[in-house]
Structure formats: structure tokens, C-alpha cells
Amino acid sequence: MRSAFAPLTIIGICLLVSSLSRAESPADRPRPIPLTRPELKQLIEDVKIRVPRIPLPEPTDADRQELGDQAVSYESALRYYYLKDIASGGGARRPGGAGGPGTPGRAPRGGFGGGREQEPAMSLDYAFKTQLFWIASRVNNCQYCLGHQESKLLNAGLSEDEIAALDGDWSGHPPAQQAAFAYARKLSLAPQEISDADFESLRKHYTDLQILEMTLSVAGNNTINRWKEGVGVPQRKDEGGYSRQNENASLPSGTYLTPTGEKYRTVVSKTAAVTLDPQTGAPTRLTVSRRPPLESRAEVEQILAACKDRQERLPLVDDAAARAALPADWPAGPLPRWVRLLANFPREGVQRANSIRMAETGGDLSPVLKAQVAWIIARQDRAWYAADRAKQRLNELGQSDDLVFALDGDWSEFTPRDRALFTVARNLGTSPVVLTDREVAEAVKLAGPRDVVQTVHLTTISALFDRVTEAARLSSRE
């Protein structure tokens, strides 16, 4: 695997120094990256006392009746008050994953997505996809999600040392898993760097549909990382270790502070996005953006023009078959290529397509702001199909090309409210924990909690859309 300690670019060093100088209070700091496994477990445990970022209204009797047992759940209340009409999936739902431990294979019926019926065309197993989720969460420093994957892997039969190995040397895993682990890490950390060589490596071990399944799964993991961290979901007090239903009462449960084997106790992560101090060369716990500076307008226009002639990496379903899998109320006309890509999976893929459509058409944010957010995140991700689509939407809404490319600037011509929401989208889209408590609080003050939560939700959907469409290298010729 590629070392996590690759030299920082000049922009990365500048961001690192900037982070050091401005991080004067916890509200200004992203969550630190734990370097070792004991540190990781402690920070996962600390998520239980995290203060949620989004204020909730005082529930009425009618609210309590409708929420029922979920009235005490911060996350359920967020969805109820702020996402009621638009979030049937995406960032506000549990991820999919199915099967048993080991190399890819057929999953048992009912294992996908916490009890939903298994997607017939999906064949990667539960523990394998959970390992990919663990890697994505470690790269994204989503300590909430890491806790859940730790417990799921323990209950799937992996030992403490086998889980710890995900953070270090992958050489003990079969070549197929090593290739998938490297792909999950890159797709999460630097989706703009996915290349034909990555697909060549995967195709030695997986079919195209398995690669698409893997891509959709990891992209969904990135969605959930951004939702949990964006709104600041605290962990349940009794979570950790083995599940409460485990038959062996002697196994640890209710805490993430389980014993770490001697072999991995002091090993510094090679999976996390660890940076080195530019002065000493020592690994740091700082979370910084690793995205390169944005290209010029002329470069972007050239890339978008070339996007129409790209050779796609993954198969698309023909229009008639895709249409048959979609809901009856799907808009008429030729289907866009992203829908035909997702329609390879008539259940899970179509559910994702519905989530994308609902995020774009529902809720309280204006159509212009939604397309602006999509452009901002696509530019950070270098997701050219998504950028082209966002630009078309903005043009159709009356936004000139000059106004579109102004979104690549300092936003000085936009309102304070829009700048605050753009900051939430850009930082959360770039890395789930680059976004700080103070930035969220400022956005809540200027735009209100509903618009902030809907911006977070839209960002989670964009993170998935960018990764899936760019990994597939979709052509923008529709």
C-alpha cells in the first residue's frame, strides 16, 4: 500500500501551518487524527460525550407522539424536523453491506443493509465491505463510524489483531483484498486520483459489477461519514466491543476501550491521512485539507469539453431496462448516464438514484444554491461529470458562466449567509472533519438550523455522486 507519509505539497504545508496558527480553541479545531490504536479507541469512546452541533426545537406533544421511541434520538429528531420531506436515504440512513468474513463471495439473504433483502446482482460479503467501511472512516477520521465498524467486525468473527492490521500492514491479506483496500482509501481521500491503473489492478480479482458494487459501497460510506460528522452525532453510551446480543458474556461490550495486542500497541497508522510536521518530520495529529489548488477557468473549460469524449470504465444499463427499474413518477425522456449506471442494481442503485433526485428537488434550499453547492464540491473532487451537470443546472437557472466560475473564487460577492453555507459544503465535502464547530455555529446563526442540515445532507449526496460518477469516468454526452 502507499505510505500515508507522502511529502506534503506546498499548499498542504501552508494549510498545515495555517491550522497550527489559528487553532486557538477546540471550536476552531477539526477533530485530531489518532496515531495509534489505543489513541483511536479513546477518541471513539469520547464521541459518546460529544456535544451535537445542531440545535433542536422544543418538541410538542404531537412531535413526541409521531416520533415515539425515537423522540430521544438526536439523529431521528434532526431528520424529523429538518429533512422530513427529502431524506429517504443517503447521509441519513444506514449503509449497506452483506455476507460473511473473508474474500468476496455470496452474501446470505437478508444481510444487506441491516436486514433488507439482498440485492441479487451484489456479491461482495458483509465483513469484506465492513473492512472497506472501516478504511474509509479511518481515512476520513470519522470516529463515530469507526466505532460501529469495530463492533461489526468483532461480531463478524475478526480478531482484535485482524482489525488492527487494517491500520497498518496489509501484506497479510490476499492480493484481492489489498487491491480493494487501496482503492477504498484512494476513493475516500483523493477521488480525483482514481486512474485506469487502479481499475486494472481491481480487474485482476473482481468483475465490473463487483467494482461498481465496491464503488457504490465506499461512496456510501463517505456519505455516512459526512452526515455523522457534519451534524455532530454523539455515540450511544452503551456502544462498543461486542454486541449486547453476543452469547459469550465474558467478551467486552459497552465500551470501545478493549485491550490492544502488543504487536499493534505503538504502531502509527498507515491508513489514516497522517501528515508530517514540516519542521521535524514527525507524524502529527492535525486534520488538514489535502486537495490541490483549483484549476483556472480556461483549464476547467478545456477539461469539461474533453469530458464528453471520455471512455467509460463501467457498464451502463440500456435506457429501457433502466426505466423499468425506476419509479413510475421518474421524469420522462432519455435517462442520464448516471441513472443508467446505478440501474445495474435495481434495488440499491435505484434507491440511491431516488436519494439524489430527492435531495436535488425537495427541501427548502433554492435550486440555485443546491446547484452551487454541487459545483463547489465537484470542483474540490475534480468530478468532471458532476461539475458539467452542476454547470448546466446553473445555466438553466439563469446563472451566467461568469457567475458559475465566481464560485471558484473567494465568494466576496455572495451574501454572508451563502458564504457560511458554502464553507460548510466545501469543508465537509473535502474531508468530513475539516469542518469545525465554529464554522457550523456561524452557519446556523446566519442561515438557521434547517438550511444547515439540508446543506449537510446535500453535501453527503454530492460526495457519493462525485465518487461514483468519476470512478466510472462517465462521459457528459447525454
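Biologist: Which residues does Val433 touch, not counting residues up to four places away in sequence?

Modeller: Keep in mind that this is a predicted model. Val433 touches Pro30, Arg31, Asn140, Asn141, Glu229 and Thr287. Val433 itself is found in the loop between α18 and α19 (437-447).

Biologist: Why is Val433 called buried?

Modeller: The cut-off for buried is under 20% relative accessible area. Val433 has 3% relative accessibility, so Val433 counts as buried.

Biologist: Asn141 was among the residues that Val433 touches. Where is Asn141, and is it buried or exposed?

Modeller: Asn141 is in the loop between α5 (126-140) and α6 (143-155). Its relative accessible area is 2%, which is under 20%, so Asn141 is buried.

Biologist: What makes the phi of Asn141 worth a remark?

Modeller: Most residues other than glycine have a negative phi. Asn141 is not a glycine, yet its phi is positive, about 60°. Arg473 also has a positive phi, near 55°, and is a residue other than glycine.

Biologist: Where is Arg473 found, and why is Arg473 called partly exposed?

Modeller: Arg473 is found in the segment after α20. Arg473 has 27% relative accessibility, so it counts as partly exposed.

Biologist: What label does Arg297 get, and why?

Modeller: Arg297 has a relative accessible area of 32%, which lies between 20% and 50%, so Arg297 is partly exposed. Its place is in helix α11 (residues 297-307). Arg297 touches Asp401, Asp402 and Phe405, leaving out residues up to four places away in sequence. Arg297 and Asp401 are 104 residues apart along the chain, with their C-alpha atoms separated by 9.8 Å.

Biologist: How do you know whether Asn344 is buried or exposed?

Modeller: Asn344 has a relative accessible area of 14%, which is under 20%, so Asn344 is buried. Asn344 is found in the loop between α13 (337-342) and α14 (348-361). Neighbours within four places in sequence aside, Asn344 is in contact with Ala121, Leu209, Leu212, Pro315, Leu316 and Val317. Asn344 and Leu212 are 132 residues apart in sequence and 8.7 Å apart in space, C-alpha to C-alpha.

Biologist: What do α18 and α20 do where they pack?

Modeller: Helix α18 (residues 416-430) and helix α20 (residues 449-471) pack at an angle of about 35°, and their axes are 9 Å apart. The crossing is right-handed. From α18 the contact is made by Arg417, Leu421, Val424, Ala425, Leu428 and Gly429, and from α20 by Asp451, Val452, Thr455, Val456 and Thr459.

Biologist: Which residues touch the most other members of the largest nonpolar core?

Modeller: Ile54, Tyr206, Met214, Trp338 and Trp375 do, in a core of 123 residues. Met214 touches Leu124, Phe128, Leu132, Ala180, Tyr183, Leu202 and Tyr206, again without residues up to four places away. In soluble globular proteins, nonpolar side chains tend to be buried together.

Biologist: How many helices and strands does the protein chain have, and what share of its residues is buried?

Modeller: There are 20 helices and zero strands. Of the 478 residues, 55% count as buried.

Key: Residues numbered from 1 in each chain as written. Predicted model: local features only at pLDDT ≥ 70, side-chain atom pairs only at ≥ 80, totals over all residues. Heavy atoms only, no water. Core = buried A, V, L, I, M, F, W, Y, C linked by side-chain atoms within 4.5 Å. Buried < 20%, exposed > 50% of the residue type's maximum accessible area, 1.4 Å probe, protein only. Contact = heavy atoms within 4.5 Å. Helix = DSSP H or I, 4+ residues; strand = E, 2+ residues; numbered from the N terminus. Axes fitted to C-alpha atoms, helices over the stretch in contact; angles between N-to-C directions. Left-handed = near helix turned anticlockwise from the far one by under 90°.
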